[in-house]
Amino acid sequence: MANVTVVGAQWGDEGKGKIVDWLSNRADVVVRFQGGHNAGHTLVVDGKVYKLALLPSGVVQGKTSVIGNGVVVDPWHLLTEIGKIADQGVNITPDLLVLADNATLILPLHRDLDQAREAASSQKIGTTGRGIGPAYEDKVGRRAIRVADLADPEALKPKIERLLSHHGALRRGLGLPDADAGQLFDQLMEIAPQILAYAQPAWRVLDQAKKAGRRILFEGAQGALLDVDHGTYPFVTSSNTVAGQAAAGSGMGPKGPGYVLGIVKAYTTRVGEGPFACELSDEVGKHLATVGREVGVNTGRPRRCGWFDAVLVRQSVAINGIDGIALTKLDVLDGLETLKICVGYKIGDKVVDYLPAGMRDQAAAEPIYEEMEGWSESTAGARSFKDLNANAIKYVRRVEELIGAPVALLSTSPERDDTILMRDPFEG
Ligand code: GDP
Ligand code: IMO
Ligand code: MG
């Protein structure tokens, strides 16, 4: 029985939340394996909107939900999100939610550093300001505070001292006041009982689930072009977002992730700074932003919009090992007379069929487009492939051809059930 790993194949916000929620119905356990509350995953069920940042999207269907070791966890945010979702009628109990005891904590000093750096920098990344990058830095720097440390106050005190001695120099350089070790200790002790209620060796929970033949659904955050290695560096997030990370970020071994489902928006968006060859500042760009309601879930920032970039997605298919895609937001293209798809780049006098790693090449890449006829019919809310008009079908087929992966699911509105199943990812 295959597990399924859902990953973003572009710059995030492809509709991962909607698809994970839909697939949760067929899964027993849903696992987040990287990122933090920089993610914003939207689920719409019978008109009711759920916005999740840290909780796996399986919680709404009442599935066992795991926040894996690869996630950076702001414990205060976690409690707030649990409270918010409870107000919407979804009760999160320690039976339902497992928090890896070896996950790294995001602390207020990480948020301070993230925001102060962005304010001071002449080359802004456009981060979410939630402390993600600095928390991962401390993790690989081997000075992070982890979930399990909350259970051991004696060990926590010297760890905080060590962490603050590192942050002191950084804070002074940015004109921030020194962080107070005693205050941080007290703040952590205050929430420790609530957080520890969810803490478990997540790898063990997953190992048991695997042995019991349970289906596991991995939920990626961000997208391949935001991956710290494979993305448009340095305009990326600070974790590996590709499917390979599902294994390391959950403790399940390389076969755990199973079938890799790339989530692909029928056009391209990006929020934050960085290169974006297909970006449009014309009426079509406005159409995509308005009809697609392209506004950041967490930060409320407008998302930059552009044509579908088949070069990027083909690259994404390769680096993730994508078996099939869920093509989302096809309905947003309704009413556009002509559609363009980027099939290559011109960089100076060279033509390339992939995005090179160099920052200046990435910034200089100009899209080479092929054109297709659009459609005036509505695809919004279609629940069967047969309901799509001929030109929409041609577009879908051309996307498949160019990226080298088949469409497994098609999404035609934000609503859970406006989803067309072409082949079941759990059946491999
Ligand atoms: P995620 O970060 O990948 O989970 O995506 P977001 O939730 O940040 O952004 C996707 C947005 O598109 C959300 O507002 C979804 O409700 C919406 N959405 C998802 N699928 C579709 C679709 O097929 N059509 C339309 N019109 N909206 C969709
Ligand atoms: P989901 O899971 C889109 C972007 C930020 C910024 C860069 C670095 O909803 O697809 P960070 O705060 O992570 O250090 O910011 O990454 N970013 C996202 N963009 N969707 C996301 O998540 C994102 N998470 C981070 O805008 O450009
Ligand atoms: Mg999002």
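I began with Pro234, which lies in the loop between β10 and α8. Helices (H or I, at least four residues) and strands (E, at least two) are DSSP runs, numbered from the N terminus. Tyr233 and Pro234 are joined by a cis peptide bond, with omega about 5°.

Ground rules for these entries: this is a predicted model, local features need pLDDT of at least 70, side-chain atom pairs count only at pLDDT 80 or more, and totals for chains, interfaces and linings use all residues. Residues are numbered from 1 along each chain as its sequence is written, chains are lettered from A and ligands numbered from 1 in the order written, and side-chain values use heavy atoms, with hydrogens and water left out.

**Entry: the β10–α8 loop, continued**

I then looked up Ser239. Ser239 lies in the loop between β10 (216-219) and α8 (245-248). Is Ser239 buried or exposed? Ser239 counts as buried, because its relative accessibility is 4%. The cut-offs are under 20% relative accessible area for buried and over 50% for exposed, with partly exposed in between (1.4 Å probe, protein chains only). The side chain of Ser239 makes a polar contact of 3.1 Å with the side chain of Gln34. A polar contact is a pair of N or O atoms within 3.5 Å; within protein, one must be able to donate a hydrogen and the other to accept it, and residues adjacent in sequence count only if both atoms are side-chain atoms.

**Entry: ligand 1**

I listed the surroundings of ligand 1. There are 18 residues around ligand 1, and Lys16, Gly40, Thr42, Asp331 and Ser411 come nearest. A residue is near a molecule if one of its heavy atoms lies within 4 Å of it. A backbone N or O atom of Lys16 is 2.7 Å from an oxygen atom of ligand 1. A polar backbone atom of Gly40 is 2.8 Å from an oxygen atom of ligand 1. On the side-chain part, an N or O atom of Asp331 lies 2.7 Å from a nitrogen atom of ligand 1.

How much of ligand 1 does the protein cover? On its own ligand 1 has 580 Å² of accessible area, and the protein covers 93% of that. These areas come from the Shrake-Rupley method with a 1.4 Å probe; for residues, only the protein chains shown count as cover. α1 (16-24) and β3 (41-45) are the elements that give two or more residues to the shell around ligand 1. The largest share, three residues, comes from α1.

By class, the shell around ligand 1 has three nonpolar, eight polar and seven charged residues. For the classes, Ala, Val, Leu, Ile, Met, Phe, Trp, Tyr, Cys and Pro count as nonpolar, Asp, Glu, Lys and Arg as charged, and the others, Gly among them, as polar. Ligand 1 lies between domain 1 (4-101 + 199-248) and domain 3 (264-427), because both give residues to its shell. The domain bounds come from an automatic or database domain assignment.

Gly40 counts as buried, because its relative accessibility is 13%.

**Entry: ligand 2**

I repeated the search for ligand 2. It is surrounded by 20 residues, the closest being Asp13, Lys16, His41, Thr128 and Thr237. A polar side-chain atom of Thr128 is 2.6 Å from an oxygen atom of ligand 2. For Arg301, a polar side-chain atom lies 2.9 Å from an oxygen atom of ligand 2. Taken alone, ligand 2 exposes 550 Å², of which the protein buries 98%. The shell around ligand 2 divides into seven nonpolar, 10 polar and three charged residues.

**Entry: positive phi**

I checked two residues here. Arg142 is not a glycine, yet its phi is positive, near 60°. Arg142 sits in the loop between α4 (132-140) and α5 (153-173). Arg142 is exposed, because its relative accessible area is 72%. Lys329, also not a glycine, has a positive phi of about 65°. Lys329 is found in the loop between β15 (324-328) and β16 (338-347).
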